[in-house]
Amino acid sequence: MKIKVAILTTAFMFVVLTTATAAPIYTFPIAGCTVKYGKYHHDYPATDIDAKKGCAFVAPIAGVVDEVNTEDKWSGKTNKGADRGGLSISIIGDDGNRYYGSHLSKIEANIVPGYKVVTGEKLGEIGTSGSAKGTKPHLHFGISYPTDKGVWWIRRGVGLEKGKTSPWKYLQAWQVGKDLKPKVVIPAVIPAEPK
Ligand SMILES: [Zn+2]
């Protein structure tokens, strides 16, 4: 009888310890600031998250830094797709998905391609670089499948699940501490660069 009680106690303690120490896999990509975002995004699935300039853009998941754009080359005259993000960062998450944030005002000095990040690590700061010039500061947040470098039209965000879903529902989950893995659909053929 005494042995049985001891086993039960150990099992109970194990459950308590694991649930109490398990770190979240995902977190909301802006930390320490009031944010506002909706379901809608122009032209393709992504989410624009309004927040004050200088708010922290953090890694939504642990992973490896993929592409970093430290220079704002955007011009309203040319409006080149590759330049629209301004200062931007993408990471390949441990879940295999790519996460992209753009229109930043600053990129942390240690954030370079190949650098390993942990969930919640600061990557940069919210701003209005690229085609967000003259608009309210916001983070353009896109989820996609990994590609070669420079494939901006995929990196900016693709439809999730059945091809139409934006990051919205995942952001909603992460905001309240729920781990929800984005289901990214990888097409047989990667779409060509739009004109
Ligand atoms: Zn956007």
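Strands β7 and β10 run antiparallel and are joined by five bridges, strands being DSSP runs of E of at least two residues and helices DSSP runs of H or I of at least four, both numbered from the N terminus. Two strands are taken to pair if DSSP finds at least two bridges between them. In this pairing, Arg 98 stands opposite Ser 144 in β10. The structure is a predicted model, in which local features need pLDDT of at least 70 and side-chain atom pairs count only at pLDDT 80 or more, whereas totals for chains, interfaces and linings use all residues. Residues are numbered from 1 along each chain as its sequence is written.

The secondary structure of the chain amounts to three helices and 10 strands. From the N terminus on, these elements follow the order α-β-β-β-β-β-β-β-β-β-β-α-α. Of the 195 residues in the chain, 34% are buried, a residue being buried if 20 or more other C-beta atoms lie within 10 Å of its own, exposed if 12 or fewer do, and partly exposed in between, with C-beta atoms placed from the backbone. Two residues are in contact if their C-beta atoms, placed from the backbone, lie within 7 Å. Among contacts between residues at least 6 apart in sequence, 70% join residues at least 24 apart.

Strand β7 also pairs with other strands. β6 and β7 run antiparallel and are joined by five bridges, with Ile 92 opposite Arg 98 in β7. These two strands form a hairpin with four residues between them, and Gly 96 in the turn has a positive phi of about 90°. Three bridges join β7 to β9, again in the antiparallel sense. Here Ile 107 stands opposite Gly 124 in β9, and Lys 106 stands opposite Glu 125 in β9. β7 is mostly covered, with seven of its 10 residues buried. β9 is likewise mostly covered, four of its five residues being buried.

The largest nonpolar core comprises 27 residues, of which Ile 30, Ile 49, Ala 51, Phe 57, Ala 59, Ile 126 and Leu 139 touch the most other members. The elements that give two or more residues to this core are β4 (56-58), β6 (87-93), β7 (98-107), β9 (122-126), β10 (138-144) and α3 (168-175). A nonpolar core is defined as a set of buried Ala, Val, Leu, Ile, Met, Phe, Trp, Tyr and Cys residues joined through C-beta atoms within 7 Å. In soluble globular proteins, nonpolar side chains tend to be buried together. Not counting residues up to four places away in sequence, Ile 30 touches Val 35, Ile 49, Ala 51, Cys 55, Ala 56, Phe 57, Val 58, Ile 126 and Leu 139.

In helix α3, the buried residues are Tyr 170, Leu 171 and Trp 174. They lie on the same side of α3 because they cover an arc of only 100° around the axis, the arc being that of the directions from the helix axis to the C-beta atoms. An α-helix has 3.6 residues a turn, so residues three or four places apart point the same way. The buried residues of α3 pack against β2 and β3 (47-50). α3 is followed by Gly 177, whose phi is positive, near 80°.

Two further glycines were examined. Gly 32 lies in the loop between β1 (30-31) and β2 (36-37). With 9 other C-beta atoms within 10 Å, Gly 32 is exposed. Not counting residues up to four places away in sequence, Gly 32 touches Cys 55 and Ala 56. The C-alpha atoms of Gly 32 and Cys 55 are separated by 7.2 Å, the two residues being 23 apart along the chain. Gly 63, by contrast, belongs to strand β5 (residues 63-69) and counts as buried, since it has 23 C-beta neighbours inside 10 Å. Its contacts, not counting residues up to four places away in sequence, are with Ile 91, Ile 92, Gly 93, Asp 94 and Val 117. Gly 63 and Gly 96 are 33 residues apart in sequence, and their C-alpha atoms are 8.7 Å apart in space.
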